Amino acid sequence: MNDYQKNIEQFKEDLLNLSNQTIIDLTDILMDKNIVYQFKRTSSDIVIYLFEYDYELLGLTFYGLDKDFNQYTEHISIPSKFPDVNWKDITRQSIYKFENDKSFKIYSDDDNSDKSEEQLFNNYLAEKNELFESWFFDCWKKTTKGIELIKDAYFSIHDTDKRIDLSTMTEISEEQIINKHK
């Protein structure tokens, strides 16, 4: 098993360990238990829930947005708790360090002679994103079973235009979301 596959296996295990807390956090958001509104806004001002994956670590962030895509809630990091005290420093850092080291080696190489290593790294990142999406969608389905969704909810990967409508599991653009709420 190569280093990429070892990290993918570790990533899968980490996601499984975070599932229960993620479901709890998602439920709390949907039930409006832990959302902090800004600028004298209230729940009625928020029409869009956005969950964004920051692919560098296991970060998932919640934002509440109004009909014009303006954010009026504080960020909520999901999961809000980790399985144990040392987990954050050990697992997340080991994957992050691995990715930084690989990225630095590949992209600082002046002659870019090792295209196969770059392809392996890109395949690894794509697989990691797919795993995270699939895991999040599973958590979402478990969370929303029996809950009536009042607001539109979307999932995205940081720095991409791709949004997934969590009620239909179909891709939608930011422009389409804004037009939907006009």
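The lining of the second largest pocket comprises six nonpolar, two polar and three charged residues, where Ala, Val, Leu, Ile, Met, Phe, Trp, Tyr, Cys and Pro count as nonpolar, Asp, Glu, Lys and Arg as charged, and the others, Gly among them, as polar. The structure is a predicted model, in which local features need pLDDT of at least 70 and side-chain atom pairs pLDDT 80 or more, whereas totals for chains, interfaces and linings use all residues. Residues are numbered from 1 along each chain as its sequence is written, and side-chain values use heavy atoms, with hydrogens and water left out.

A pocket is an open set of points on a 1 Å grid over the protein atoms alone, where a 1.4 Å probe fits, with protein on both sides within 12 Å along at least five of seven lines; lining residues have an atom within 4 Å of a point. The residues lining the second largest pocket are Lys 12, Leu 15, Leu 16, Ser 19, Ile 23, Leu 131, Ser 134, Trp 135, Asp 138, Cys 139 and Lys 142. Two or more of these residues come from each of α1 (3-30) and α3 (115-144), and α3 provides the largest share, six residues.

The chain contains four helices and six strands, assigned as DSSP runs (helices H or I, at least four residues; strands E, at least two). Their order along the sequence is α-β-β-β-α-α-β-β-β-α. Of the 182 residues, 41% are buried, that is, under 20% relative accessible area with a 1.4 Å probe. Among contacts (heavy atoms within 4.5 Å) between residues at least 6 apart in sequence, 62% join residues at least 24 apart.

How values were computed:
Buried means under 20% relative accessible area, exposed over 50%, partly exposed in between (1.4 Å probe, protein chains only).
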